[in-house]
Amino acid sequence: MKVRVQLFASYREALGKEWIEQELPAGARVQDLLESIETRHGLALSPGRALVARNLEYVGPQTALKEGDELVLLPPLSGGT
Amino acid sequence: MIARIVQEPVNLEELVRQVQRPECGAVGTFLGVVREPNLGHRTLYIDYHAYPEMAQKVMVEIAGEVAARWDIGEVAIVHRIGRLAVGEASVAIVVSAPHRAAALEATGYAIEELKKRVPVWKKETFEGGEAWIEGDSAAAPPRGPAGGARGKIRKGRSAG
């Protein structure tokens, strides 16, 4: 299946683009997506701290993905002060 | 309820006026400002980036939680994005309540939850370089085809 991933902040800057597409095996979960992005794009995700959202909601590493999903990949947050 | 991401400077007095209610004897306020030094560097400015749609949504959720948990009059949560100089306010929380305990507790709750849940990031520019901040420490240098330091100094992540 193919999913689209929107990048923010340091991840966007590191890859020089806002969107990437990932091909994943059927049944893939969020954790598989993160590993695939690290492997194929060489993006060093902060271990266990990168966040993924779908439809404006955070989703956990075991969340199942489906064809055509649009996901958002977020570095660890540093808002506030 | 006021929950918004803004580009313009935060006006705390205006927010206080907007949340004040006749029946509220307390207004709790929290202002987060850009500090200098940070992590041993002389900070020049900070660029705040947001995922605005989701940031706004999560701030509305936090404001709703505040209203549900405490006996309050009104709550305002405002986060500024863009380039901020040292001393400028990045975030303001203002809660009015009949009594001070609720106003103070709710204000504290809102800023802690904001830091944990609202998708906003800061990139700090200091004398000699710049760094994305992860939580309370600087991010490790991103690696990748377009990553790398590009001649800029980046801090490694500090312990803890």
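In the predicted model, 24 residues of chain A are in contact with 30 residues of chain B; two residues are in contact if their C-beta atoms, placed from the backbone, lie within 7 Å. On the side of chain A that touches chain B, the elements giving two or more residues are helix 1 (9–15) and strand 5 (70–74). Helix 1 of chain A gives the most, with six residues. By class, this side of chain A has 14 nonpolar, nine polar and one charged residues. Ala, Val, Leu, Ile, Met, Phe, Trp, Tyr, Cys and Pro count as nonpolar, Asp, Glu, Lys and Arg as charged, and the others, Gly among them, as polar. Helices (H or I, at least four residues) and strands (E, at least two) are DSSP runs, numbered from the N terminus.

Residues are numbered from 1 along each chain as its sequence is written, and chains are lettered from A and ligands numbered from 1 in the order in which they are written. Because the model is predicted, local features need pLDDT of at least 70 and side-chain atom pairs count only at pLDDT 80 or more, while totals for chains, interfaces and linings use all residues.

Strand 5 of chain A also pairs with strand 1 (residues 2–7) of chain A, in the parallel sense over four bridges. Two strands pair if DSSP finds at least two bridges between them. L7(A) has L73(A) as its bridge partner in strand 5. Strand 1 of chain A pairs with strand 2 (residues 19–23) in the antiparallel sense, over five bridges. There, R4(A) stands opposite E21(A). A residue is buried if 20 or more other C-beta atoms lie within 10 Å of its own, exposed if 12 or fewer, and partly exposed in between.

In chain B, eight of the nine residues of strand 6 (residues 89–97) are buried, so this strand is largely enclosed by the rest of the structure. Strand 2 (residues 26–33) of chain B pairs with strand 6 in the antiparallel sense over eight bridges. Strand 4 (residues 74–80) of chain B is joined to strand 6 by six bridges, also antiparallel. S96(B) in strand 6 stands opposite V27(B) and opposite E74(B).

The largest nonpolar core has 59 residues, of which A55(B), M59(B), V75(B), I77(B), V95(B) and A106(B) touch the most other members. Helix 2 (residues 52–69) of chain B supplies the largest share, seven residues. Such a core is a set of buried Ala, Val, Leu, Ile, Met, Phe, Trp, Tyr and Cys residues joined through C-beta atoms within 7 Å.
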